[in-house]
Amino acid sequence: MQKKETQHSAKKSVFASKRFKYGSVAVIFTVVFVAFVVLLNAVFTAVADYNGGFYIDLTGEKIYDISESTVNVLDNLDRKVEIIFCVTEDRVSDSDELTYVKRLAEKYRTLNDRISLIYRDCVKDPVYFNQFKKTSTDTISQNSVIINCPETKRYIVYPLVRFFKLSSETRSIFAYDGENKLTGAIMQTAVGEPQKAGFITGHGEEKRSSVESLLREQGYEVSDVDLKSVTDEQLAAYDLLIISNPKYDYTGVAAAQEGRVNEIGLLNNYLTKSYGNVMVFISPETPELTEFSGFLSDDWGVDYVSGDIAVESSSRALDAYGLYFIGTPSTDDGYGKSIHSAITNSGVQATVFGNATPLTLTFTEKAEKNASVIYSTSASSGRSHDGTVTQEGEMPVMTLSVYTKIYDSNEYRANLLVCGSADFMNYVSEQSFSNADILKSAFAAMGNTNVVTGISYKVVEDTAITVTQENFKNYTVMLSVLIPLIIAIIGTVVYIKRKKA
């Protein structure tokens, strides 16, 4: 009995000892701390897995921030959208540029769970990607990104370079345009309704593939239109018509008197009765086409002289002869300025005109029509004709004519844009210039609500992480003071308890 009491007393003294008491506290504290670290790591890992890596955007331009325009588009998204990377997920990080797109796409997925990210290797699984090829010549590479809406069966294939803006001098990346591309593609494939665009044919017109691709990207269904075989009603179904550098004249009133189609009459009815939209691209090689020239000059206030070539001064020229140059945006308030203002206000990138014929405004206001300049040459430019150059000063090279009517307090508008450079279209697919942005702005002005505007690209010339002095001070305090302070407090509490004991 005494032996049992002695054993019990010994056990009691062990549990009551300082060594056991504080040793137990230390063990419990260690176990709790380790459990906390494990739990914290699990939470961070789950967040990282969902968010594509746990990172903080410290770039000066806030590369991965999303604008209000994108938030509005995602709020209205009620269809599933797939953002498809053409490599496996572990290979995305092999490309810094592709990683930019992935991180932004993950933010979209976080904002709307109808957006999913898919990773499929187009080299190992080429059959899967055949559904995203319209023709046998279409190509999809591991640097492609596809935005697809299975419900509408509409999709856009972007080569990686389209997510970036390139410097015209060095051809290196200077800005990230990912939000513009992703938001625009979601709008075109899943939110907006298709628009119809038609290339006028039958007069030796040229169709530039770069413009056709841009139209499809912006939600247009594109087809050819022969004015000799369509009715006013059929033409009215088109949201946009494009006339590209015609070589032969259009038929007019005289043809109608002979029982043939009055093509100019069809175009005027389309604009003034159906409130349609027309884009015209001409060049110095465009002949003096009597009916067509009269349509532009008499009806819409824009004239040109066949064979005249704009020659720009060296300060704006891109070549030794001044035939390819940076356009000068109009500063006059009006419809024309509204086309370029969103682009030129950013202060970066230029719009290129090449082999351009100068335009002339034959009127600025006439009845319900208004004609204004979008771009011109500089004050030191000249006009060349048959090899002779004369100093001219500013000459329009892109104009906008607008016809406006008001019925029942609603404004109805027709737009005719004339560009004196057919080669302008060659630079639409060039990420070094803003030609595509100008046409997108024109699409929006012409009533295409599918076109997303107001999203600025983010300049990334300095790719280093940007941390302000205030940021640096805060991070230093957190890392150098806060953590040691917590440890010191815990140690002090344990020390005081030991002293009291």
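Tutor: By class, the lining of the second largest cavity holds 4 nonpolar, 3 polar and 4 charged residues. Keep in mind that this is a predicted model.

Student: What makes a space here a cavity?

Tutor: A cavity is a set of points where a 1.4 Å probe fits but cannot get out. By this rule there are 2 cavities of 30 Å³ or more. The second largest cavity has about 50 Å³ of space. It is lined by 11 residues, and Tyr176, Gly178, Glu179, Ser456 and Lys458 are the closest to its centre.

Student: How do you know which residues count as lining?

Tutor: A lining residue has an atom within 4 Å of a point. For the second largest cavity, helix 7 gives the largest share, 3 residues.

Student: How much space lies in the largest cavity, and which residues are closest to its centre?

Tutor: The largest cavity has about 140 Å³ of space. Of its 17 lining residues, Tyr158, Lys181, Glu217, Gln218 and Lys440 are the closest to the centre. Helix 7 gives the largest share here too, with 4 residues. Helix 7, helix 8 and helix 14 (435–445) each supply at least two residues of this lining. By class, the lining of the largest cavity has 7 nonpolar, 4 polar and 6 charged residues.

Student: Why is the other kind of space called a pocket?

Tutor: A pocket is an open set of points, with protein on both sides within 12 Å along at least five of seven lines. The largest pocket has about 810 Å³ of space. Its lining is made of 30 residues, and Lys134, Val157, Ser213, Arg216 and Glu217 lie nearest the centre. Strand 4 (154–159), helix 7 (178–191), helix 8 (209–217) and strand 8 (220–226) are the elements that give two or more residues to this lining.

Student: Which element gives the largest share of the pocket lining, and how do the residues divide by class?

Tutor: Helix 8 gives the largest share, 7 residues. The pocket lining divides into 10 nonpolar, 10 polar and 10 charged residues.

Student: Now the helices. How do you know whether helix 11 and helix 12 are roughly parallel or oblique?

Tutor: Look at the angle. The axes of helix 11 (residues 263–272) and helix 12 (residues 290–300) come within 10 Å and cross at roughly 30°. Angles under 35 degrees count as roughly parallel. Helix 11 and helix 12 are therefore roughly parallel to each other. Their crossing is right-handed.

Student: What makes the contact between helix 11 and helix 12?

Tutor: Contact means heavy atoms within 4.5 Å. Helix 11 brings Ile264, Leu267, Asn268, Leu271 and Thr272, and these meet Glu291, Phe292, Phe295, Asp299 and Trp300 of helix 12. The contact residues divide into 6 nonpolar, 2 polar and 2 charged.

Notes. Residues numbered from 1 in each chain as written. Predicted model: local features only at pLDDT ≥ 70, side-chain atom pairs only at ≥ 80, totals over all residues. Heavy atoms only, no water. 1 Å grid on protein atoms, 1.4 Å probe; cavity = no way out; pocket = protein on both sides within 12 Å on 5 of 7 lines; lining within 4 Å. Points joined across faces, edges and corners; volume = space filled by probe spheres on them. Nonpolar A, V, L, I, M, F, W, Y, C, P; charged D, E, K, R; others polar. Axes fitted to C-alpha atoms, helices over the stretch in contact; angles between N-to-C directions. Parallel < 35°, antiparallel > 145°, perpendicular 65-115°, else oblique. Left-handed = near helix turned anticlockwise from the far one by under 90°.
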